[in-house]
Amino acid sequence: MHGHRLHTCQCSQIPSCHDEIATENDSQRRTSSSAFSDLWSCLWIPLLLSFSKNSNCAKAQTILLPGGIVNQSRSLTCPPSDPTLYYSPVIGILSHPGDGASGRLSNSTNASYIAASYVKFVESAGARVIPLIYNEPMEVLTEKLELVNGVLFTGGWCKTGLYFDTAKQIFKKILAKNDAGDHFPLFAICLGFEILSMVIAEDRGVLETFSATDQASTLQFIKNINLEGTVFRRFSPDLLQKLSTECLVMQNHYYGVPPKKFDKYPALSKFFKILTTSADENSQIYVSTVQGHNYPVTGFQWHPEKNAFEWGKSMIPHTEEAVEVTQHVANFFISEARKSLNRPPTQKVLDNLIYNYSPTYCGKAGKGYDEVYIFS
């Protein structure tokens with residue numbers, strides 16, 4: 001009975017393996033343990049050598065993938081990052097008077113808060129947060145603005161006093177940064193958009209009352225609107241269609257800006273273009289999304305952060321499509337912040353990050369937000 005060759009190794013560093021399976025009459029046959037040992041050496045020595053830096057057999061690896069065979073060198077070179085973008089963006093979030101209805105502190109104190117959902121919203125897209133505590137001295141807030149690459153105005157109730165004045169001054173500083181050549185975005189959500197509307201129109205009467213508390217709604221896009229360069233630029237056609245037919249966004253406000261006010265206040269229509277409108281429970285129409293014509297400023301009457309990070313209101317949509325809306329909006333905001341020219345000192349950023357504070361969980365008590373950062 002003739003034997004047959006099991007395996008031939010190609011590496012020059014080891015001898016060729018040509019053991020044969022012997023018959024019972026072969027006086028030179030190997031013992032079974034010896035044959036197994038030789039076979040083991042033949043199979044594993046080349047494999048070990050392939051991982052050795054000194055082996056000529058380890059120049060490249062062939063990786064089997066579902067789609068076929070890919071030859072890959074031992075060392076990979078990642079493509080260079082875009083030098084015009086900043087990959088460690090930081091966002092300043094303006095705190096709001098009170099304690100977020102957590103029950104810990106009275107709104108009559110000097111306390112202020114930031115709902116943790118806004119922080120998570122920013123973090124989910126790859127940025128960190130520095131709190132802009134509204135009742136800090138303006139010189140402190142001005143220094144903090146030099147540590148961030150964009151600003152977020154949150155929802156809330158306060159439209160007067162120090163909070164309004166602080167938001168107004170920060171808004172003017174943001175415009176000045178952009179006028180000086182720095183791409184410095186601002187996201188203004190719910191109350192934040194209402195304050196911008198009052199500041200730009202120079203009239204508190206720009207707001208009207210609406211019945212849109214704890215209400216999920218659609219977004220109706222302005223006819224023939226160009227969404228290129230806006231917050232909706234990454235939305236798929238299917239998701240854009242669903243936004244107009246399914247209740248994928250959360251509304252929670254008493255006030256809003258009706259479209260007719262954009263005609264009444266030329267400063268408002270000069271600054272913003274209307275992207276979407278929505279209807280309240282009484283079918284009254286208000287502006288729900290705007291984009292600055294010449295500045296990276298986006299205003300929302302709705303709450304893009306709630307779908308993924310808030311559970312305290314019964315009507316917040318949590319479907320897969322609703323969460324996708326949150327993700328797209330967050331990614332757009334931080335993609336805009338990456339364009340900022342600001343490169344703040346690392347240690348100063350670390351000293352001011354919101355991680356230096358501890359959030360308070362209040363969702364169990366059913367009061368206000370699920371979780372808040374309180375500054376007192």
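Predicted model: local features only at pLDDT ≥ 70, side-chain atom pairs only at ≥ 80, totals over all residues.

Q: Why is Asn-224 called exposed?
A: The term exposed requires over 50% relative accessible area. Asn-224 has 73%, so the label applies. This residue sits in the loop between strand S10 (220-221) and helix H6 (237-245), and its phi is positive, about 60°, although Asn-224 is not a glycine.

Q: What makes Ser-283 exposed or buried?
A: The relative accessible area of Ser-283 is 57%, and exposed begins over 50%, so Ser-283 is exposed. Ser-283 belongs to the loop between strand S12 (272-279) and strand S13 (285-292). Its phi is also positive, at about 65°, although the residue is not a glycine.

Q: How do you know that Glu-371 and Lys-120 form a salt bridge?
A: The criterion is a side-chain nitrogen of Lys or Arg within 4 Å of a carboxyl oxygen of Asp or Glu. For Glu-371 and Lys-120 the closest N and O atoms are 3.1 Å apart, so the pair meets it. The two residues come from distant parts of the chain: Glu-371 is in strand S16 (residues 371-375) and Lys-120 in helix H2 (residues 116-123), 251 residues apart.

Q: Why are Glu-371 and Lys-120 called partly exposed?
A: Buried means under 20% and exposed over 50%, with partly exposed in between. Glu-371 has 21% and Lys-120 has 33%, so both fall in the middle class.

Q: What makes the contact between Glu-208 and Lys-261 a salt bridge?
A: The N to O distance is 3.3 Å, and the limit is 4 Å, so the pair qualifies. Glu-208 lies in strand S9 (residues 208-217) and Lys-261 in helix H7 (residues 260-264); the pair therefore ties together parts that are 53 residues apart in sequence. Glu-208, Lys-260 and Lys-261 are linked in a network of salt bridges.

Q: How many disulfides does a search of the whole structure find?
A: The search finds zero. As for accessibility, Cys-190 is buried at 3% and Cys-247 is partly exposed at 44%.

Q: Why is Pro-131 called buried?
A: Its relative accessible area is 0%, under the 20% cut-off, so Pro-131 is buried. Pro-131 is found in strand S6 (residues 128-132). Leaving aside neighbours within four places in sequence, its contacts include Ile-93, Ile-114, Leu-353 and Phe-375. Asn-352 is in contact with Pro-131 as well; the C-alpha atoms of these two residues, 221 residues apart along the chain, are separated by 7.6 Å.

Q: What makes S6 and S10 edge strands?
A: Eight strands form an open sheet of mixed pairing, in the order S6-S3-S7-S8-S14-S13-S12-S10. S6 and S10 each have a single partner strand, so one side of each is left without a neighbour in the sheet. Helix H4 (residues 161-179) packs on the sheet, touching strand S3 (90-94), S6, strand S7 (151-153) and strand S8 (186-189).

Q: Why are S10 and S12 said to pair?
A: Pairing needs at least two bridges. S10 and S12 have two, in the antiparallel sense, so they pair. In this pairing, Gln-220 stands opposite Thr-277 in S12.

Q: How do you know that the span of helix H10 agrees with its number of residues?
A: At 1.5 Å a residue, the 18 residues of H10 (residues 320-337) should span 26 Å, and the end C-alpha atoms are 26 Å apart, so the values agree. Buried residues of H10 include Ala-322, Val-325, Phe-332 and Phe-333.

Note on methods
Residues numbered from 1 in each chain as written. Heavy atoms only, no water. Helix = DSSP H or I, 4+ residues; strand = E, 2+ residues; numbered from the N terminus. Buried < 20%, exposed > 50% of the residue type's maximum accessible area, 1.4 Å probe, protein only. Disulfide = S-S within 2.5 Å. Contact = heavy atoms within 4.5 Å. Axes fitted to C-alpha atoms, helices over the stretch in contact; angles between N-to-C directions. Expected span 1.5 Å × (residues − 1).
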